[in-house]
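I opened a new notebook page for this structure. My plan is to look up a few places and write down what I find.

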Amino acid sequence: MAVRVTTGGRLHFGFQNLSLAHERLYGSLGLALDAPRLVVDCERAETVTADHLDARRYARRAVDLLDLPGARVTVRESLPRHTGLGSGTQFALATLTGISRAYGREPRVRERAPGLGRGGRSGVGIATFERGGFVLDAGHPTTRFTAERPRDGEWTVPAVIARHPIPESWRFVLVLPEVEPGRSGEQEESSMRAVVERASPSVADEITTIAARRVLPAIAEGDLGTFGAAVAEVGRLNGAWYADTQGGVYRPPVGGIVRALEASPAIDGAGQSSWGPAVYGVTDRRRAERARDVAEAALATADVDGSVRVARGRNAGASVEPE
């Protein structure tokens with residue numbers, strides 16, 4: 001039996017806390033997108049075969065976790081890698097889910113994600129794969145922080161402490177500049193350790209206040225203007241933590257693109273998703289085409305090649321169906 005798994009990217013607005021002075025570390029805010037998409041087909045096989053490097057890598061890890069002989073994985077659509085849209089987590093979980101279902105097994109993605117190296121800090125990608133929507137996770141107790149990255153499987157995925165559906169009329173303009181990929185792997189680990197060891201607790205206090213008093217009420221009430229401005233502020237404050245590591249509040253040349261989007265009345269807030277270089281702008285169905293025009297002009301002004309698209313929020317988890 002072949003199984004098709006379809007999921008989308010996600011936006012990561014930032015963390016609530018990166019300071020060791022507070023009781024809990026990380027605590028992510030983000031939401032699921034309906035596009036771009038990842039679509040993978042999985043079926044039983046005697047060995048692991050795949051037409052895509054990431055698919056092959058995650059398939060090998062999945063069959064080891066599941067104690068299975070092998071799988072054949074075919075990638076029909078893929079997310080752009082290392083752009084800030086969560087491609088690694090979605091690829092890992094989609095492959096695990098497809099292989100599990102092909103063998104009639106339950107994937108148990110939240111339980112098994114750490115064995116695939118996912119969910120060590122942020123739980124947003126796993127939560128959006130499960131149920132979609134806007135998500136705020138609990139982070140981890142600060143007492144568990146270690147200077148060296150724990151081995152895969154030696155952590156639990158942060159619990160979801162708030163989830164809300166994304167209003168149907170909301171849209172997100174995505175700008176994907178063709179520049180060096182965002183940080184990942186050991187480079188990301190090293191950067192995060194450096195940030196955590198010196199992060200100001202006062203920034204965390206400000207972010208937590210914004211999350212509790214502005215972001216969560218706005219998503220619950222469907223207040224797009226407040227939501228967009230609030231998540232953009234969360235992103236700027238996170239950028240203050242990362243400024244020395246990434247070359248500014250936003251990684252170059254993202255800053256100019258963000259400022260151009262924020263200056264437009266078609267957009268209610270803009271920022272960098274995760275390590276970038278993906279830029280998002282918060283808008284709605286009525287202004288979406290104008291927001292797209294603004295984003296394309298911003299790319300041209302920055303003299304950077306890239307692509308622009310408008311996405312909806314996704315309020316359901318990954319789809320799994322026979323192929």
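Which residues is threonine 226 in contact with, leaving aside its neighbours within four places in sequence? I looked and found Arg214 and Ala218. Contact here means heavy atoms within 4.5 Å.

Before going on, I noted the ground rules. This is a predicted model, where local features need pLDDT of at least 70 and side-chain atom pairs count only at pLDDT 80 or more, while totals for chains, interfaces and linings use all residues. Residues are numbered from 1 along each chain as its sequence is written, and side-chain values use heavy atoms, with hydrogens and water left out.

**Entry: threonine 226**

I placed threonine 226 in helix α7, residues 224–246. Helices (H or I, at least four residues) and strands (E, at least two) are DSSP runs, numbered from the N terminus. I then asked how exposed threonine 226 is. Its relative accessible area is 30%, so I wrote it down as partly exposed. My cut-offs are under 20% for buried and over 50% for exposed, with partly exposed in between (1.4 Å probe, protein chains only).

The side chain of threonine 226 makes a polar contact of 2.8 Å with the side chain of aspartate 223. A polar contact is a pair of N or O atoms within 3.5 Å; within protein, one must be able to donate a hydrogen and the other to accept it, and residues adjacent in sequence count only if both atoms are side-chain atoms. I also checked leucine 216, 10 residues apart from threonine 226 along the chain. The two C-alpha atoms are separated by 10.0 Å.

**Entry: strand β2**

Next I turned to strand β2, residues 24–44. Why is it called largely enclosed by the rest of the structure? Because 16 of its 21 residues are buried.

I listed its partners. Two strands pair if DSSP finds at least two bridges between them.

- β1 (residues 3–17) pairs with β2 in the antiparallel sense over 12 bridges, and a hairpin of six residues joins β1 to β2.
- β4 (residues 71–77) runs antiparallel to β2, with six bridges.
- β5 (residues 134–137) and β2 are antiparallel, with three bridges; leucine 31 stands opposite phenylalanine 134 there.
- β6 (residues 140–141) and β2 are also antiparallel, over two bridges; leucine 25 stands opposite histidine 140.

**Entry: aspartate 41**

I stopped at aspartate 41, which is in β2. Is it buried or exposed? Aspartate 41 has a relative accessible area of 6%, so it is buried. Arginine 4 stands opposite aspartate 41, and in β4 the bridge partner of aspartate 41 is threonine 74. A polar contact of 2.7 Å joins the side chains of aspartate 41 and arginine 76. Leaving aside neighbours within four places in sequence, I counted Glu323 and Val3 among the contacts of aspartate 41.

Where are the cis peptide bonds I noted? One joins alanine 35 and proline 36, with omega about -5 degrees. Proline 36 is in strand β2. Another runs from glycine 276 to proline 277, with omega near 5 degrees. Proline 277 is in the loop between β9 (270–272) and β10 (279–284).

I also noted positive phi values. Tyrosine 26 has a phi of about 70 degrees although it is not a glycine. It is found in strand β2 and is buried, at 9% relative accessible area. Aspartate 67, also not a glycine, has a phi of about 55 degrees. It is in the loop between α1 (53–66) and β4, and is exposed at 67%.

**Entry: the nonpolar cores**

Which residues touch the most other members of the largest nonpolar core? Among its 43 residues, they are Leu18 and Phe227. Elements that each supply at least two residues of this core include β1, β2, α6 and α7. A nonpolar core is a set of buried Ala, Val, Leu, Ile, Met, Phe, Trp, Tyr and Cys residues joined through side-chain atoms within 4.5 Å.

I followed phenylalanine 227. Leaving aside neighbours within four places in sequence, its contacts include Phe13, Leu31, Phe134 and Ala218. Apart from this core lies another, of 33 residues, among them Val3, Leu68, Ile99 and Ala102.
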